[in-house]
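Colleague: I am new to this structure and would like to learn how to read it, feature by feature. Could you take me through it slowly?

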Amino acid sequence: MRYHAVGSFDEAVRISASATGVTRFLAGGTDVLVQLRAGIVQPDDIIDIKHVPGVKDITRRADGGWDIGAAVSGVELGAHAALCRDWPGVVEGMRLVGSTQVQGRATLTGNLCNGSPAADSVPGLMAAGATVSVTGPEGARVMAVADIPKSPGKTNLKPGEVITRVHLPPRGANGGDSYLRFIPRTEMDIAVVGCAVNLRIDGDTITEATVALGAVAPTVMLVPAAGAALVGSTLDDAALDALVIAARAACRPISDKRGTAEFRIEVAGVLARRAASIAYARAKGETA
Amino acid sequence: MPKDELKAGFRLVGTRPNRPDGLDKVTGRARYGADIVAANMLHAAVVRSPYAHARIKKIDASRALALEGVKAVVTRADFPTGLTGEDWNLQENTIAGDTALYDGHAVAAVAATSALVAQDAARLIEVEYEVLPHVTDVDAAMAPDAPVIRAGNADHSVPEGMHPNVVRYIDFGHGDIEAGFAAADLVREGTYKTEATHQGYIEPHACLGQLGADGRGEMWVCTQGHWYIRRMCAAVLGIEAANLRVTPSEIGGGFGGKTTIFMEPLALALSRKAGGRPVKLVMSRAEVLRATGPTASASMDVKIGMKKDGTITAGQVNFRMQGGAFFGMSPIAEALPCAFACYDIPNLMHEGYEVLANRPKAAAYRAPGSPMAAFAVESLLDEMCRELSLDPLQVRLKNAAKEGTKSSYGPTYNRIGLVETLEATMAHPNLSAPLGPNQGRGVAAGFWFNHGGETSVSLQIGEDGTVGVSVGTPDIGGSRASIALMVAETLGIEYEAVRVNVVETGSLGVNEPTHGSRATFASGKAAVEAAESAIKQMCARAAAEWGIDPEAVEWVDGAARPAGENAGKFPPLTIGEIGAKMGGTGGPISGHHESVPGGVGASFGVHVVDVEVDPETGKSTVLRYLVVQDAGRAIHPAYVEGQYQGGAAQGIGWALNEEYIYGADGRLQNPMFLDYRIPVASDLPMIDTVIVEVPNPGHPYGVRGVGETGIAPPLAAVANAVAAASGARLRTLPLSPPKVLAAIKAGQ
Amino acid sequence: MSRIHITTTVNGEAAEFLTDPRETLLDVLRNQLGLTGSKEGCGTGDCGACSVLLDGVLVSSCLVLGVEVQGKTVETIEGMATDGALHPLQRHFIEHAALQCGFCTPGILVAAKALLAQNDNPTETEIRYWLAGNLCRCTGYDKIVRAVQDAAAEMRGAA
């Protein structure tokens with residue numbers, strides 16, 4: 001295995017484009033090293049992007065949105081007070097990944113590129129309408145986070161493409177988001193179900209709502225019908241019931257060592273209701 | 001802790017000094033299995049079967065051997081043939097013969113100049129398999145159509161007509177079981193299942209082995225018992241035990257799982273083949289979970305008869321346990337006696353079957369068999385108490401075994417402390433803590449025999465009056481401290497003046513491992529005997545100096561004093577003074593003691609747990625936990641509490657989340673700590689403890705042994721609490737959220 | 001496989017080593033630098049026994065490549081006691097019997113030190129969640145949590 005500590009994304013792409021064997025980009029490494037260790041992946045070239053200028057930066061754009069560098073760790077994300085105020089759901093999703101030790105290294109980008117349907121940070125990004133900048137042999141492009149996952153362990157990134165930055169839209173007024181996951185223990189597990197809700201209100205009435213579910217389908221996914229169930233409501237019981245039904249209806253889970261399909265469908269509804277209530281309270285400014 | 005001192009009436013026993021190995025262990029200096037290195041060392045890796053059951057048709061190591069840095073490859077062909085019984089089991093499990101018997105079964109091993117090269121080489125060893133039908137579930141393995149794992153393995157106990165996978169049958173009881181049920185007002189029965197769990201020690205198995213062509217070798221290894229390692233390795237390799245010197249490293253947890261061998265002979269065989277270079281072999285976590293010794297999985301029928309006042313009139317159990325693909329590995333012979341050991345029941349019947357399955361060779365896990373048995377019996381008792389509106393602790397007290405009770409498994413109990421333990425439980429404030437919605441309280445009792453076992457200890461008086469103690473039981477949780485306390489108490493010297501060393505196999509007679517809750521009991525008792533022997537010699541030296549009869553010398557406060565009519569005639573001779581001149585008074589003074597100590601005292605525990613169950617997700621949260629257990633006497637109370645807390649935590653994990661999950665292909669699906677879910681810090685509350693002390697008359701300081709009983713009650717206690725909190729009575733562990741939620745929904 | 005020369009600072013001292021790029025920081029610490037206090041319990045970031053500070057950030061050294069520490073600072077359990085004096089956490093762990101086998105202890109001490117560096121008065125819940133990635137199979141965590149609480153109290157008093 002050859003190790004490359006690159007100074008620019010162009011260099012990273014050049015190396016990856018000319019590589020003949022298996023290539024992996026290295027940011028936090030908390031997935032790649034586990035795969036390396038288990039012999040699941042044996043890269044010929046590993047390209048460390050942590051020395052690229054700007055990859056550790058979190059910056060607020062002029063429009064009020066946020067750009068997050070590809071190597072920003074969970075700890076760094078959680079330490080950014082203004083970002084946490086704007087997008088608490090996005091941050092709490094990332095902060096649930098792994099242990100305190102893993103948080104010191106793991107990144108949003110890595111969690112997204114790992115392609116897991118259970119990735120904790122991805123539902124929040126999708127619900128927020130986040131996008132990513134991608135650089136590859138054929139040039140740069142911007143993709144919606146929702147378009148990245150393809151199937152378990154696979155993404156729609158082309159060979160040699162690397163995510164350089166995550167973009168969050170401006171929070172705007174009267175918005176709130178949240179992420180909840182179900183795990184059997186209190187920490188250290190992979191999500192059995194995850195649910196993010198992002199919404200905006202006008203007075204007591206929800207005007208926009210986006211719901212994303214994790215671990216209940218081959219990819220993390222947006223559930224438009226679940227969001228639609230909330231819009232126009234004041235998060236009354238009828239709207240919550242409709243949300244629960246819509247969330248459950250969207251589930252296409254498997255039964256595996258982490259939970260049965262029936263359980264995942266049931267809990268998807270429970271989490272959607274709970275996450276919506278938290279996001280609503282945040283939108284109203286009642287809770288942080 | 002002054003209170004402990006007062007209660008015990010001793011100078012040191014019952015206090016809480018710093019452990020002697022504490023400094024090494026908080027600074028990273030302590031050397032565990034994988035920390036040992038030797039000059040010119042090679043590193044090994046193991047090739048393991050990816051199939052649950054497969055015939056090994058061909059092993060081709062040529063590509064591996066061609067890799068630069070590879071020094072040796074071994075397969076079963078490198079081991080002697082003709083072994084029988086447990087020796088054959090050990091060899092067959094160390095490295096497969098014709099057939100791989102479980103997912104993870106070792107097939108070949110390679111030694112190379114670095115760990116990375118060894119791993120690369122292992123991937124280059126080509127094994128051709130013919131996949132065979134497999135079975136992993138205990139009940140399925142008994143069914144008529146189950147694949148036969150090994151014909152002709154059953155012993156004479158098995159009734160005719162049973163499947164060849166059924167290899168042992170045990171039955172015993174007393175009284176008239178049918179009359180007992182006829183005398184009951186309520187008879188209930190249930191079937192309970194527990195999955196296999198792993199001890200989950202954080203330190204993977206590791207060893208460094210060296211073996212020459214002359215059959216002489218050395219091994220450094222993390223183990224609970226290095227004489228066992230020596231005997232087993234010698235048998236598997238066909239060498240002589242005395243030619244293998246085995247030194248134990250510090251040990252990073254064992255809980256029974258490090259009382260046997262799994263891969264140690266591979267390191268020695270590779271060393272022998274590589275010209276005697278030392279070979280280091282360290283397991284990965286996945287190897288630990290796939291290929292060491294988890295506990296058995298169990299399927300258990302229980303039937304109990306009870307009068308309206310709570311008197312138990314009869315108890316009957318029929319247990320089936322699989323302990324892997326090898327005879328004699330399930331704890332069926334321990335589980336059955338534990339089932340009703342807490343109670344005085346006139347009519348009892350026990351039956352049990354051991355079954356082979358395509359799973360790894362089970363090893364001991366903390367009170368082997370007792371947690372499963374307690375889960376079944378204590379769950380059913382709880383249901384019956386609820387049905388009869390009886391207090392579950394009062395019912396246990398009413399039926400509690402006591403001194404003179406004929407135990408469920410035959411012997412009559414000596415002085416035991418279950419009644420005192422139940423009374424202490426009832427008096428604890430946790431029993432009156434208020435419970436909120438979706439919260440419930442569960443109680444259960446548990447038992448362990450405790451154990452004596454082969455023990456050899458020596459004790460040396462130093463020239464400055466300090467004392468070395470050589471023991472053969474590795475210190476897995478503070479036994480150096482407890483043994484030093486007892487020796488210092490006996491000799492009348494300071495705790496700090498005693499150094500307890502865990503020594504290698506060449507230094508003492510044979511010792512059984514640190515197992516059976518025996519280290520403080522057996523090594524402690526032997527160390528006290530050795531100290532008494534040294535005292536006798538020191539009194540004799542003093543008597544010679546004074547020119548009086550040795551019988552006229554007494555040992556008080558670390559010094560020989562003239563006694564009786566000679567009292568006060570000579571100034572006392574301290575241990576330091578005697579030690580300083582022993583070279584001129586007859587030579588070195590040491591005491592030693594070898595025995596299989598009798599006087600083992602059984603111990604009982606009662607646990608009370610409060611659980612909250614989320615009715616929408618089935619998730620259980622442990623709110624409060626209480627362990628009350630009879631220690632006999634707590635030599636070092638902090639480490640006694642630690643044993644209680646650790647046993648409870650393991651039991652909580654077993655109850656809620658831990659399990660071996662096999663796929664339809666017979667492969668273990670969760671060989672990582674990610675999905676083999678042991679409790680993390682945030683899963684648990686503080687674990688309250690009460691140490692009951694009903695001294696064991698069979699030990700000089702009253703010790704019973706405290707390591708194991710604590711894991712027996714939690715499975716049932718948690719299940720009883722979940723039932724109380726949610727209405728969901730689950731008879732299959734673990735109580736994972738999908739299972740609990742389904743049960744809640746089924747009950748609505 | 002060509003090996004890479006790395007210079008770094010470990011426990012305040014300059015260190016250098018040659019490493020195969022596949023080796024983890026944990027491998028390097030244990031096998032090249034002889035610092036075996038950091039333990040491997042899982043190799044997958046699930047147990048915390050290999051915890052170290054990398055440029056002051058708590059990480060699992062099994063999830064860091066050895067080549068990644070070029071020019072960085074690494075702090076391990078071996079550097080926790082200074083000039084022969086135990087860190088209060090180390091002392092309280094001994095006094096509280098907060099270790100049984102001791103294998104997880106170095107990782108827990110390093111992790112707890114990182115916690116107290118940023119929160120000098122953590123609640124029981126904060127301690128438990130911070131240490132959730134440090135598995136201990138012996139103690140049930142009770143005495144560990146109490147030892148951290150007492151060490152924190154002592155350090156606040158001394159500050």
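Modeller: Let us begin with the naming of elements: helices (H or I, at least four residues) and strands (E, at least two) are DSSP runs, numbered from the N terminus. With that naming, Phe255(B) has its place in the loop between strand 11 (244-248) and helix 9 (264-273) of chain B. The model is predicted, so local features need pLDDT of at least 70 and side-chain atom pairs count only at pLDDT 80 or more, while totals for chains, interfaces and linings use all residues. Residues are numbered from 1 along each chain as its sequence is written, chains are lettered from A and ligands numbered from 1 in the order in which they are written, and side-chain values use heavy atoms, with hydrogens and water left out.

Colleague: What is the phi of Phe255(B), and is Phe255(B) buried or exposed?

Modeller: Buried means under 20% relative accessible area, exposed over 50%, and partly exposed in between, with a 1.4 Å probe and protein chains only. Phe255(B) has a phi near 60 degrees, a positive value in a residue other than glycine, and its relative accessible area of 12% makes it buried.

Colleague: Which strands do the buried residues of helix 1 of chain C pack against?

Modeller: Packing is read from contacts, where contact means heavy atoms within 4.5 Å. In helix 1 (residues 25-32) of chain C the buried residues are Leu25(C), Leu26(C), Val28(C), Leu29(C) and Arg30(C), and they pack against strand 1 (4-10), strand 2 (13-19), strand 3 (51-54) and strand 5 (73-75) of chain C. After this helix comes Gly34(C), with a positive phi near 70 degrees.

Colleague: How many residues of chain C are in contact with chain B, and what area is buried between them?

Modeller: Buried area is the accessible area (1.4 Å probe) that two parts lose on being put together, summed over both. Here 45 residues of chain C are in contact with 53 residues of chain B, and the area buried between the two chains is about 4,000 Å², with 59% given by carbon and sulfur atoms. Within chain C, Ile94(C), Gln100(C) and Arg137(C) lose the most area to chain B, together 21% of what that side buries.

Colleague: How many salt bridges are there between chain C and chain B?

Modeller: A salt bridge is a side-chain nitrogen of Lys or Arg within 4 Å of a carboxyl oxygen of Asp or Glu, and the count between chain C and chain B is five. In one salt bridge the side chains of Asp35(B) and Lys39(C) meet at 2.4 Å, N to O. As for the elements involved, helix 2 (88-95), helix 3 (105-118), helix 4 (124-130) and helix 5 (142-158) of chain C each supply at least two residues of the side that touches chain B, and the largest share, five residues, comes from helix 5.
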